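Please read it with the coordinates open beside you.

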Amino acid sequence: MSAGRVVLWRHGRTAWNAGERFQGQTDTDLDDVGIAQAAEAAGMLAGTRPAAVVASDLRRAARTAAALAALTGLPVATDPDLRELDAGAWQGRLRHEIEQRWPQEFAAWQSGEDVAVGGGERRSDVGARTAAAVERHADGLDARDLLVVASHGGALRGAMLQMLGLPLAAWGAFSGLANTHWAVLERRAGGEWRLAEYNVGPAGAHVGSEG
């Protein structure tokens, strides 16, 4: 068996989000705004009665998931395979710094090419890694169950494309998930996933930098 619905939930705001600094796998924490966002979004998600909660082991995602756990009593499983894309040398840098130092690579990434970001992972890498982790945690749940996955913007978009069977070229067709916003995937009768909701969450949340 496997969960019938999956919520792909982006973490709350960090100071690096607010400052447009590329996070990648840097282990930043929520700022005060992010903590409040997580609490508000958790209140909304608690009403969906999730059966299980899993999170990236990076603090910003795990702490977001903890806000939901506090309301539901569910434990939070953490999984490093749900981490954001490893952005290599780009991590910790501002957008304009990246564009100036790596103009060709940045332009290729902006155009949707599947480049190794900062010498780290490709979008296809993070999509495959994260989708496999989501499916693994969904397995064993009942078809009526809802799984909440707290992770990161790039990782979740990549996983969503993989699970929906969409090509990587469709990446730019979706806006980035705002902080503490989520997408809902539902399993169809044939076992395939379909997108039921996208970018749902508290009003006024920040989209910000990758991660």
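This is a predicted model: local features need pLDDT of at least 70, side-chain atom pairs count only at pLDDT 80 or more; totals for chains, interfaces and linings use all residues.

1. Residues are numbered from 1 along each chain as its sequence is written, and side-chain values use heavy atoms, with hydrogens and water left out.

2. The protein chain has 7 helices and 6 strands, where helices (H or I, at least four residues) and strands (E, at least two) are DSSP runs numbered from the N terminus. Read from the N terminus, the order of these elements is β-α-α-β-α-β-α-α-α-β-α-β-β.

3. For 211 residues a compact globule would have a radius of gyration near 17 Å, and the 16 Å of the protein chain agrees with this; the radius is taken over C-alpha atoms, and the globule rule is 2.2 Å times the number of residues to the power 0.38. The C-alpha trace spans about 50 × 40 × 25 Å along its principal axes. Of the contacts with a separation of 6 or more, 70% are between residues 24 or more positions apart, a contact meaning heavy atoms within 4.5 Å.

4. Of the 211 residues, 47% count as buried, where buried means under 20% relative accessible area, exposed over 50%, and partly exposed in between (1.4 Å probe, protein chains only).

5. Strand 4 (residues 146-151) is mostly covered, since 6 of its 6 residues are buried. Leu146, Val148 and Ala150 point one way from this strand and Leu147, Val149 and Ser151 the other way. In a regular strand the side chains alternate between the two faces of the sheet.

6. Strand 4 also has two parallel partners to check: strand 1 pairs with strand 4 over 6 bridges, and strand 2 is joined to strand 4 by 4 bridges, with pairing requiring that DSSP finds at least two bridges between two strands.

7. Strand 1 (residues 5-10) pairs in the antiparallel sense with strand 5 (residues 182-187) over 5 bridges, and here the bridge partner of Arg5 is Glu186. Strand 5 in turn runs antiparallel to strand 6 (residues 193-200), again with 5 bridges, and Val184 has Glu197 as its bridge partner in strand 6. The hairpin of strand 5 and strand 6 has 5 residues between the strands, and Gly191 in this hairpin takes a positive phi near 100 degrees.

8. Arg49, with a positive phi near 55 degrees, is in the loop between helix 2 (32-46) and strand 2 (52-55) and is exposed, with a relative accessible area of 74%. Thr180, with a positive phi of about 60 degrees, lies in the loop between helix 7 (153-164) and strand 5, but is buried at a relative accessible area of 0%.

9. Is Glu121 buried or exposed? Its relative accessibility is 16%, so Glu121 counts as buried, and its place is in the loop between helix 5 (103-110) and helix 6 (123-138). Not counting residues up to four places away in sequence, Glu121 touches several residues, among them Gln25, Glu84, Asp86 and Arg129. The C-alpha atoms of Glu121 and Gly88 are separated by 7.7 Å, although these residues are 33 residues apart along the chain.
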